[in-house]
Amino acid sequence: MKRKTAGVLTALAALIGAGLLVSAAGPSATEPDFKAMQEQVDRAWCSLDAKNAAAFYDQDPGDIFFDLAPMKYEGRGQYQAGAQKLFLDGAKSVKFTPKGDDRVTRRGDVAWMTRTLRIFAQMKEGKPLDIDSRDTVLWVKRGGKWLIAHEHVSVPLPG
């Protein structure tokens, strides 16, 4: 009987030890790094070719995107074409500088990130664009990959 009890206690200790190792690794071992993913998206946009950002976005034509102009885009294709024409084609360079207040909330296969950032662009016509903006990004997990299904970029009113 002592042998059986010792075996059960050994197995229980092994399970507890394994559980402690898994919890010590924390959620970051399995959680996506949305901040790093967003940095990749930012680099893609700053390449001045909106097609470079396409791989990060859901391709559902019903997705809605709000950018600085116009009011909204319906679907990734419209967003890509509009941002390219209205902003990227007129820029020599673009830089996004996050202000460090990124916040990510995840619920299962949906996550949203809020942040503020400075957008600086050297425009081809000469006058630079330098604005503070807000950005909300909605990530969804589709087929094992995290993609942006909605984005809302805006600037505060002066005052």
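Which side chain meets Arg 118 in a salt bridge? The side chain of Asp 132 does, at 2.4 Å from N to O.

## About the model

This is a predicted model: local features need pLDDT of at least 70, side-chain atom pairs count only at pLDDT 80 or more, and totals for chains, interfaces and linings use all residues. Residues are numbered from 1 along each chain as its sequence is written, and side-chain values use heavy atoms, with hydrogens and water left out.

## Salt bridges at the strands

A salt bridge here is a side-chain nitrogen of Lys or Arg within 4 Å of a carboxyl oxygen of Asp or Glu. Side chains of opposite charge can pair when their charged atoms come close. The whole structure has eight salt bridges.

Return to the opening pair, Asp 132 and Arg 118, which meet in a salt bridge. Asp 132 sits in strand β6 and Arg 118 in strand β5, 14 residues apart. Helices (H or I, at least four residues) and strands (E, at least two) are DSSP runs, numbered from the N terminus. Asp 132 is partly exposed, with a relative accessible area of 34%. Arg 118 is partly exposed too, at 32%. The cut-offs are these: buried means under 20% relative accessible area, exposed over 50%, and partly exposed in between (1.4 Å probe, protein chains only). Salt bridges with shared partners join Lys 99, Arg 118, Asp 130 and Asp 132 into one network.

## Two further salt bridges

Arg 115 forms a salt bridge with Asp 42. Their closest N and O atoms are 2.8 Å apart. This pair links distant parts of the chain: Arg 115 is in strand β5, Asp 42 is in helix α2, and 73 residues separate them. Is Arg 115 buried or exposed? Arg 115 counts as buried because its relative accessibility is 5%. Asp 42 is buried as well, at 7%.

Glu 74 and Lys 72 also meet through their side chains, at 3.6 Å from N to O. Glu 74 is partly exposed, with a relative accessible area of 44%. Lys 72 is partly exposed at 39%.

## The nonpolar core

A nonpolar core is a set of buried Ala, Val, Leu, Ile, Met, Phe, Trp, Tyr and Cys residues joined through side-chain atoms within 4.5 Å. The largest one has 29 residues. Val 41, Trp 45, Tyr 57, Val 94, Trp 139 and Ile 148 have the most contacts inside this core. At least two core residues come from each of α2 (34-46), α3 (76-86), β3 (91-98), β5 (110-123), β6 (129-142) and β7 (145-154). Strand β5 gives the largest share, six residues.

Take Ile 148 as an example. Contact means heavy atoms within 4.5 Å. Leaving aside neighbours within four places in sequence, Ile 148 is in contact with residues including Val 41, Tyr 57, Phe 65 and Trp 139. Gln 38 and Asp 58 are also among its contacts.

## Aromatic pairs

Rings of Phe, Tyr and Trp (its six-membered ring) pair if their centres lie within 6.5 Å; planes under 30 degrees apart count as stacked, over 60 as edge-to-face and the rest as tilted. The structure holds eight such pairs. The rings of Trp 45 and Tyr 79 have centres 5.5 Å apart and planes at 50°, so this pair is tilted. Trp 45 lies in helix α2 and Tyr 79 in helix α3, so the pair ties together parts 34 residues apart in sequence. Both residues, Trp 45 and Tyr 79, are buried.

How are the rings of Phe 65 and Tyr 79 arranged, stacked or tilted? They are stacked, because their planes are at 10°, and their centres are 4.7 Å apart. Phe 65 is in strand β1 (residues 64-66) and Tyr 79 in helix α3, 14 residues apart. Phe 65 has a relative accessible area of 0% and is buried. One aromatic cluster takes in Trp 45, Tyr 57, Phe 65, Tyr 73 and Tyr 79.

Asp 135 lies in strand β6. Asp 135 counts as buried, at 3% relative accessibility. Not counting residues up to four places away in sequence, Asp 135 touches residues including Gln 38, Arg 115 and Glu 151.

Asp 49 belongs to the loop between α2 and β1. Asp 49 is partly exposed, with a relative accessible area of 31%. The C-alpha atoms of Asp 49 and Asp 89 are separated by 8.3 Å, while the two residues are 40 residues apart along the chain.
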